[in-house]
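Here are a few notes to read alongside the model.

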Amino acid sequence: MSKFMNPTKVVTGPRTRFSYANVWEPKSINGGTPKYSVSLIIPKDDTATVNKVKAAIKAAYEEGESKLKGNSKFVPALDAIKTPLRDGDKERPGDDAYANSYFINANSSTAPGIVDADRNPIMERSEVYSGVYGRASINFYAFNTNGNKGIACGLNHLMKCRDGEPLGSKSRAEDDFADLDDDDDDFLS
C-alpha cells in the first residue's frame, strides 16, 4: 500500500451500485469526446464512503482554488459551485435505484481497470453491468471551463463485489432463458 495518501482519491464501500455503466467502450455524449463512465449509487447510510467523498471534494476545492478563481478577484465558495455528490431522492424521485442514496457520475478518457473481489481482472463484459455492486476508485478535481466552475469526478478503477438486479430495460441472456424447461427443446421429434 502506498505511504502517500492522495486526499482527492476515494475508494467507495462495497455496497456502491453501478448504473449507466459504460465501462467497456468509451461513449460520446452530445458529440463530445468519447469517455468511459459510470453513475455510482451510494447508500446514504454508508456514512464512511459519504464522508470520504465530502472530504475529497473539499480537498479538490482547496487544491484547485487558483483554477476556480480564474480571472476573477475571488474564489467562489464551495457551496456556490457544481459538485459531483448529488442526492438521488431530490434529483431522481420515483427511481427506486436512487432512493435513499447519493450518486456521483464519474468518467475517464482511459479505460478503467476492472477486477473481481479477489482482484483478478474481469475480461467477460457480461460480468459488469448496470446494477452490479462493487467498489470504485475515483478522484476529484477542480475545473473552470467556459465559465463553468466546479469539482468533477474522475474514474480510475472498478471492483465487482456481487451481482445485482440489472438496471435499465435490457435484460441479461442468462436471465431470459433461466426458467426454460429442457423438455421444450425437443421440437424436432
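1. Let me begin with tyrosine 20. This residue is exposed, because its relative accessible area is 51% and the cut-off for exposed is over 50%. Tyrosine 20 belongs to strand S2, residues 16-27. Its phi is near 45°, a positive value in a residue other than glycine. Please keep in mind that this is a predicted model.

2. Although asparagine 100 is not a glycine, its phi is positive, at about 55°. You will find asparagine 100 in the loop between helix H3 (88-91) and S5. With a relative accessibility of 56%, asparagine 100 counts as exposed.

3. Now for the overall layout. The chain has four helices and eight strands, and along the sequence they follow the pattern β-β-β-α-α-β-α-β-β-β-β-α. Of contacts between residues at least 6 apart in sequence, 68% join residues at least 24 apart.

4. Helix H1 covers residues 47-63, and its 17 residues should span 24 Å at 1.5 Å a residue; the end C-alpha atoms are 24 Å apart, which agrees.

5. Which residues of H1 are buried? They are Thr49, Val50, Val53, Ala56, Ile57, Ala59, Ala60 and Tyr61. The partners that the buried residues of H1 pack against include strand S1 (9-11), strand S3 (35-43), helix H2 (65-69) and strand S5 (101-108). Strands S7 (133-145) and S8 (148-162) are also among them.

6. Lastly, the surface. Of the chain's 189 residues, 37% count as buried. The chain exposes about 11,800 Å², with 49% of that supplied by carbon and sulfur atoms.

Key
Residues numbered from 1 in each chain as written. Predicted model: local features only at pLDDT ≥ 70, side-chain atom pairs only at ≥ 80, totals over all residues. Heavy atoms only, no water. Helix = DSSP H or I, 4+ residues; strand = E, 2+ residues; numbered from the N terminus. Buried < 20%, exposed > 50% of the residue type's maximum accessible area, 1.4 Å probe, protein only. Contact = heavy atoms within 4.5 Å. Areas by Shrake-Rupley, 256 points an atom, 1.4 Å probe, with all protein chains shown as cover. Expected span 1.5 Å × (residues − 1).
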